[in-house]
Amino acid sequence: MFVDMQFKILLVEDHKTVSESLRTLLEDNDYEVITCDDANLALKIIPKNDISLVITDIEMPKLNGIDFIKAIRKTAPTPVKILVLSTHSNDSLITQLFKLDVNGYINKSSSILDLLQAIRHILDGRFYFPDWVHKVERKAAVFDDSVEVSFTKRELDVLSHILNEKTTKEIAKLLNISISTVEEHRRNLLTKTGAKNVVGLVKYCIINQVL
């Protein structure tokens with residue numbers, strides 16, 4: 001498998017065995033990897049390196065994963081993609097992760113293939129969350145003004161065409177992307193807004209003056 005070597009991953013994990021295993025896996029798949037067992041140190045590494053993706057645990061000493069992500073969002077000079085890799089999976093945690101605009105979540109018990117797929121999705125500009133996670137987000141964020149929602153440029157492009165009643169096939173042709181990519185953006189839009197369908201998406205846009 002070929003992976004562009006420009007992708008540099010910062011792995012923040014305090015368990016040495018897990019860190020070394022993941023580093024070997026990622027390097028075997030041609031990613032450049034920097035490992036760090038201290039989130040405070042990781043915050044100093046990010047500005048000095050062209051980091052494509054941060055993979056972080058949640059429960060860590062000194063600075064926990066949630067506060068680490070908050071610090072990244074406040075201090076990183078450019079938006080940094082973040083994948084949370086954790087054994088924790090309660091509703092409260094997932095709601096916090098959505099509010100912090102993380103790009104993906106995967107449980108440590110997931111397969112290697114799932115992890116690699118999550119990384120590819122995120123580096124490709126998409127999001128990666130298990131199906132059950134989307135249900136948590138909908139419960140927490142449906143038209144909730146307290147939850148800040150941000151969209152990528154491509155998501156806004158797709159959204160604009162959806163609001164203009166274009167079909168998935170038409171959108172794919174207009175944006176010169178695959179149908180599956182359009183469908184992925186559509187799912188992300190529904191997930192982010194908490195809408196169940198296109199009607200709900202339109203309602204969200206009207207209420208929140210999107211576009």
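Helices (H or I, at least four residues) and strands (E, at least two) are DSSP runs, numbered from the N terminus. The model is predicted: local features need pLDDT of at least 70, side-chain atom pairs count only at pLDDT 80 or more, and totals for chains, interfaces and linings use all residues. Residues are numbered from 1 along each chain as its sequence is written, and side-chain values use heavy atoms, with hydrogens and water left out.

Four bridges pair β1 with β3 in the parallel sense; two strands pair if DSSP finds at least two bridges between them. Five bridges join β1 to the parallel strand β2 (residues 32–36), where Val-33 is the bridge partner of Ile-9.

## Burial of strand β1

Five of the five residues of β1 (residues 8–12) are buried, so the strand is largely enclosed by the rest of the structure. Buried means under 20% relative accessible area, exposed over 50%, and partly exposed in between (1.4 Å probe, protein chains only). Lys-8, Leu-10 and Val-12 point one way from β1, while Ile-9 and Leu-11 point the other way.

## Ile-171 in helix α8

Ile-171 belongs to helix α8 (residues 168–175) and counts as buried because its relative accessibility is 0%. Leaving aside neighbours within four places in sequence, its contacts (heavy atoms within 4.5 Å) include Val-158, Val-182 and Arg-186. Between Ile-171 and Val-158, the C-alpha to C-alpha distance is 6.8 Å, and they are 13 residues apart in sequence.
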